[in-house]
Amino acid sequence: MTHLKFDSKFDCLVCLNAEIPPLGFFIKYFPDIPIVGADGGAVRLFEKGIIADYVVGDLDTFSNARIEKHFKNSEIIFNPDQEINDFEKALIFVEQKGFRNILVLGFQGGELDHTLNNWSILIKYFKCLNLCLFDKGNYGIPLNESFKIETQRNELMSLIPQPKARLKTQNLRWNLESEVLELGFREGARNITTGEEVTIEILEGAVLLFLRARLPYCYRKEKALWTR
């Protein structure tokens, strides 16, 4: 069992080509953190008044925007591989740079097939990178091991199986007792915390945990003094 502690800083932001927060979000929470624009994500950032430190992808959307002259101090990484999408190219790049704690913006809100493809990439890479989604005030965190987490009472919490998980929970309004969640069968959306600490035992599989964001912090896995 591990504790999830929200006291670490993100190593970088990865922005995809969908809806991202306004300029004030970046100024307030992340004034000095490297920003990676995944092709069209760099265009989204530029429209908000932000120049990405790195632009990664096949660069079709970026090139068509005709904004490259504004990126003289940025590193532009062309990856023409059509077998992988720009999100995966960005994750390959940040892993090679040695970044591990990654906040992903613009994950959804574009075309549905792109969103579902991004979801697949998220599951593919979460075991080697500490990935955290941010969308409209919430974090999405993929996890495959049991954990405790500090919460606020009456906080919304969702546990979405990836694609199947068997869970035991404590301090949720609708607790699970070694029960199975599975996409297309039974999901764990919109539960409510009943205490200041929630325990999730992942007996099998993996989940995508959704809860209120703890900006500007990412989660850190800290081993508890006891194990189940």
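**Pockets, aromatic pairs and salt bridges in the predicted model**

The lining of the second largest pocket comprises 12 nonpolar, five polar and three charged residues. Two or more lining residues are contributed by each of helix H5, strand S7 (130-135), strand S8 (138-143), strand S10 (156-170) and strand S13 (197-212).

The largest pocket has a volume of about 530 Å³. It is lined by 28 residues, among which Asn17, Asn85, Asp86, His114 and Asn118 lie closest to the centre. The elements that supply two or more residues to this lining are helix H2 (40-47), helix H3 (60-64), H4 and H5, and H5 provides the largest share, namely four residues. By class, the lining of the largest pocket divides into six nonpolar, 13 polar and nine charged residues.

Aromatic contacts were examined next. A pair of aromatic rings is described by the distance of the centres and the angle of the planes. The count comes to 13 aromatic pairs in the model. In one of these, the ring centres of Phe25 and Phe30 are 5.6 Å apart and the planes stand at 50°, so the pair is classed as tilted; both residues are buried. In another, the rings of Phe87 and Phe107 have their centres 6.1 Å apart and their planes at 85°, and because an angle over 60 degrees counts as edge-to-face, this pair is assigned to that class. Phe87 belongs to helix H4 (residues 86-97), whereas Phe107 lies in the loop between strand S6 (101-105) and helix H5 (112-125), so the contact ties together parts that are 20 residues apart in sequence. Phe87 is buried, with a relative accessible area of 2%, and Phe107, at 11% relative accessibility, likewise counts as buried.

One aromatic cluster is formed by Phe6, Phe10, Phe25, Phe26, Tyr29, Phe30, Phe134 and Tyr139. The ring of Phe6, a member of this cluster, also has the charged end of Arg214 sitting over it, 5.3 Å from the ring centre.

Side chains of opposite charge can pair when their charged atoms come close. The count comes to eight salt bridges in the model. One of them joins Glu197 to Lys148, with the closest N and O atoms 3.5 Å apart, and it links distant parts of the chain, since Glu197 is in strand S13 and Lys148 in strand S9 (residues 147-150), 49 residues apart. Glu197 counts as partly exposed at 29% relative accessibility, whereas Lys148 counts as buried at 14%.

Strand S13 also carries Glu204, whose partner Arg166 lies in strand S10, so this pair ties together parts that are 38 residues apart in sequence; the side chains meet in a salt bridge at 3.2 Å, N to O. Both partners are partly exposed, Glu204 with a relative accessible area of 45% and Arg166 with one of 23%. A further salt bridge is formed between Glu179 and Arg186, where the closest N and O atoms are 2.8 Å apart. Glu179 is partly exposed, with a relative accessible area of 24%, and Arg186 is partly exposed at 33%.

Notes
Residues numbered from 1 in each chain as written. Predicted model: local features only at pLDDT ≥ 70, side-chain atom pairs only at ≥ 80, totals over all residues. Heavy atoms only, no water. Phe/Tyr/Trp six-rings, centres within 6.5 Å; stacked < 30°, edge-to-face > 60°. Buried < 20%, exposed > 50% of the residue type's maximum accessible area, 1.4 Å probe, protein only. Lys NZ or Arg CZ within 6 Å of the ring centre and 35° of its normal. 1 Å grid on protein atoms, 1.4 Å probe; cavity = no way out; pocket = protein on both sides within 12 Å on 5 of 7 lines; lining within 4 Å. Points joined across faces, edges and corners; volume = space filled by probe spheres on them. Nonpolar A, V, L, I, M, F, W, Y, C, P; charged D, E, K, R; others polar. Salt bridge = Lys/Arg side-chain N within 4 Å of Asp/Glu carboxyl O.
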